[in-house]
Amino acid sequence: MYDGGKIITGLVVFVGLVTFPLWSNVGKAAKKPDPKIDTPVIQQLAEKKCIEPKAFMQAEHMKILNDWRDSVVRDGNKLYVSSSGKTFNMSLQNECMNCHSNKKQFCDECHNYTDVKPYCWTCHIEPKEKEKVAWASIEENS
Amino acid sequence: MAGPAKKFRPDQMGYYNKAELSRVNYKPPREDWMDTKPEFRIGNFIYPAKPKNLICVGLPNPREWAPMDEDWKLPENWKEILLEGIAERLEKYRSFRLFMDICVRCGACADKCHFFIGGGDPKNMPVLRAELLRSVYRKHFTTAGKILGRMAGARDLTYDVVKEWFFYFFQCTECRRCSVFCPYGIDTAEITIIGRELLNLIGLNVNWVLEPVANCYRTGNHMGIQPHAYKEMTEFLLDDLETVTGIKVTPSFNRKGAEILFITPSGDIFGDPGTYTYMGYHYLFHYLESMGLDITWSTYASEGGNFGLFTSHEMMKRLNAKMYAEAKRLGVKWILGGECGHMWRVINQYMGTMNGPADFLEEPVSPITGTKFENAKSTKMVHICEFTADLIKHNKLKLDPSRNDHITLTFHDSCNPARGMGFFEEPRYVIKNVCNNFYEMPENTIREQTFCCAGGAGLGTDEMMEMRLRGGLPRGNAVQYVQKKHGVDHLACVCAIDRATLVTLCNYWAPGVEVTGVHEMVANALVVPGEKKRTQDFRFRPLKGMEEEADV
Amino acid sequence: MRLLLPLIAVLALTLIAYAGVSGAGMNYLFGVFIPYAAFLIFLIGFIRRVVQWGRSPVPFRIPATCGQEKSLPWVKRNRFDNPFTTGEVIIRMLLEVFLFRSLFRNTKVDLREGPILRYGSAKWLWLGALAFHYSFLTILVRHLRFFTEPIPFFVKWAETLDGILQVGVPAFYQTDMVILAAVAYLFLRRVFVPQLRYISLANDYFPLFLILAIALSGILMRYFFKTNIVGVKELTMGLVTFSPKIPEGIGVIFYIHLFLVSTLFAYFPFSKLMHLGGVFLSPTRNLANNNRAVRHINPWNYPVKVHTYEEYEDEFREHMKEAGLPVEKE
């Protein structure tokens, strides 16, 4: 007895499973995330720079925010001195979101792409972005 | 073995000191297992098959040789033969090919083998036993093994490897206990069967297997009992039966037109204590005859067991063929099989495939109760314990279990019915109805976890005494446990090899415990119309409360 | 040697990836070419091996029965350890594949003076194996976030569940810890249990080291040497949509991780890791114990030489007649 049918069925299932990423993406254009840094506040900045260099921020921003939270909540220390010597308020809402007021187009862009679910907004109040702007951006992208 | 008693030889139990034997050294040697060689000594191997037996069944390379000699007189192209043999079997058995590939050496099987538990030899861990063959497979049949060699666990097939195979494939009883624990179900029995099949290709086999094979081929049974002698021996035993019960039983042999053919191992007619079970069958059949049982015995198919299983698949088929052939010749409706271990592995897992379809037989129906044995509707062969359990369930037997009150019983699950069939409740049901004092051994030593008698698969000879005693430690120890705890003095089993080998084992590890069969217990308890007042059991021992009368 | 060589091999693989990317700048080779090749080898090798197994028939139905068979209707039977129907076989296989039922039975023997043999429960191997395989599976599933867009619900579930403790940033995955612990356990028992050390081959240590290195490089990348994760996903999405590209700014740690994973994939079909496919084909587990009711067919069953009744009677006829046994020919 060979049970060829069962073996072939098994192999088809196996191939189906391991090639899932190959066939499930067919016909879906993989859109590269494009975080926007063109908020009104940023555009008015003389020097368009974040608190640390861009590459560092890309990789480490979550760690900075985490450190800030601990520092503010546990030690009461609210000032951050950057590597370039400038001083900033350790505040997500008042410092970060002041410039990056466009959560949907900035934060969510990459977080959704890589399925990262930061729990910032379980405590902080999500910024209320105007519905119209949100719709407009969706239309732009599609 | 230091300081053996001088008056004993290594093939005698008394040669081995119990305290010394049970101090097992589990520490593996320092050198790699590929660099160690087996040490052949009297007591741990079996003598080669005699040329006449090989000639009788047409197996290759009949000659006189000895395992302790340097030269084993192999054919010149032995290596070629073996490699071709492996290639052929890889094509024929998915089990073999798969088991060569997928073992991860997790070691779960290691301490499941009775030979390892009692002997400590690392190559008796099932995983290494298989690696003996697997290493050669890797070297000659896989790319990685060819290129990386020893790094990939591969080694060449050398003369020494062949000797190692012979040593270890005849230190495995094909009991399948390890397979129960293997996460992939790798079955060492399968590997040993194929290993022995390969060895047989170049004339490496043991007489304890091949003599029964040759006997069975020619005379119809392992013991080599010729037809007229079979009848005489039966009559002799039935005289004893008459002495005990006052009833003369007259069975029929080779009778055409009977409804049922009964086949049981010849070991039970040949030696005690199997003979009592043999008498038990006759007593039961005699009782049932007046109720409509029409049964006959055969001298041609006078063997239930099949030592072909321990030789090769082909030999198994050649010997098994007699059962259906005889059933057809006699024109019976179905076959009833006696108590035997590996016999039932063959009947349950091989017979229908090999020698079926048995379309000349009918679906078995008990003539007494009308029960249809639907689980046997294809092979048309029913186990005597199934048959008897059904009789008891339907109240067809008049039983007096107090006739077994002089006995405190435990039950040994034989490997093959346990793990090749799942035969647990039928014998227990029968026992509990014929015996008042019944105690189970510890749970890790019964049912699917049962331990081998260490003499199965053709190893049950005194030449193997050391290994049998070692391998028998787990079973013997469990028997000793219930002996001490519950006063158990009898060990019942449904296997003729057990009845031959466990006697020695019990004498050694649990002296005072006797070995019996389920149907000896049944016949002790069976109240047959017209029998005289029973004062003795089949062994001429007084029944409980009858001590004085029995002496008369 | 059996232990050292695989270790050296894994270290060498790490160095090769490091030197290849950071030294020679062969990002395309390590980021695109090798992953594609490895996946192809894995897929074709796996199928070939299973087909090779499938081409050998199962001549006999040889299930290892681990419970009461189906016999008389009033005998309570064990359906899952001794299946009689295909449905019961499927359940037995599911229990075997998903819960490692056979390994769960594991016991440990202890021989004392006397002699007294005692059997203890030994579930550590079962637990370790289960922990290892399920962490591996979870890790595989949550890695799909790099290979799908939009990301399917089950991948999100896997991630949420795995990070449910919400410890640290980036959120700590329990499986990262579990797989390290499980691999360490599986490794240490091989080294410290004398019997296991004796049977272990280089083929046993190599996958352990390789998986350990993969897990470590992944953990380092996530929690310590962070790299441009968006870039990583661009690369992986490029691979699965067959439009490979190498984005800027991906750290060498990623290439090391990817190269080790590629090695594992390519090594898989030629190794014991094929037990993944093999367990489904094991004839002692995947067959029903119903031989006496349903005949199993052996495709290569061939006629054999038997000793017929006629030959038997010819030899013993006179004796038989004398003993009063019936004969065919007078």
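## Two domains in chain B

The centres of domain 1 of chain B and domain 2 of chain B, taken over C-alpha atoms, are separated by 32 Å. Domain 1 of chain B covers 29-205 and domain 2 covers 213-551; these bounds come from an automatic or database domain assignment. The structure is a predicted model, in which local features need pLDDT of at least 70, side-chain atom pairs count only at pLDDT 80 or more, and totals for chains, interfaces and linings use all residues. Residues are numbered from 1 along each chain as its sequence is written, while chains are lettered from A and ligands numbered from 1 in the order in which they are written.

Two residues are in contact if their C-beta atoms, placed from the backbone, lie within 7 Å. Between the two domains of chain B, the contact takes 25 residues from domain 1 and 31 residues from domain 2. On the side of domain 1 that touches domain 2, at least two residues each come from α2 (51-57), α5 (114-119), α9 (177-181) and α10 (188-201) of chain B. Of these, α5(B) gives the most, with 5 residues. Helices (H or I, at least four residues) and strands (E, at least two) are DSSP runs, numbered from the N terminus.

This side of domain 1 of chain B has 10 nonpolar, 10 polar and 5 charged residues. Ala, Val, Leu, Ile, Met, Phe, Trp, Tyr, Cys and Pro count as nonpolar, Asp, Glu, Lys and Arg as charged, and the others, Gly among them, as polar.

## Chain B as a whole

Chain B has 24 helices and 7 strands. The radius of gyration of chain B is 24 Å, close to the 24 Å that the globule rule gives for 552 residues, so chain B is as compact as a globular protein of that length. The radius is taken over C-alpha atoms, and the rule is 2.2 Å times the number of residues to the power 0.38. Along the principal axes, the C-alpha atoms of chain B fill a box of roughly 75 × 55 × 40 Å.

Of the 552 residues in chain B, 62% are buried (20 or more other C-beta atoms within 10 Å of the residue's own, with C-beta atoms placed from the backbone). Among contacts in chain B between residues at least 6 apart in sequence, 77% join residues at least 24 apart.

## Contacts between chains

Chains B and C share the most contacts of the 2 pairs of chains in contact. No contact joins chain A and chain B, and their closest C-alpha atoms lie 9 Å apart.

Chain C has 32 residues in contact with 28 residues of chain A. α2 (27-55), α6 (153-162) and α10 (229-240) of chain C give two or more residues to the side that touches chain A, and α10(C) gives the most, with 6 residues. That side of chain C divides into 17 nonpolar, 8 polar and 7 charged residues.

Note on methods: A residue is buried if 20 or more other C-beta atoms lie within 10 Å of its own, exposed if 12 or fewer, and partly exposed in between; C-beta atoms are placed from the backbone.
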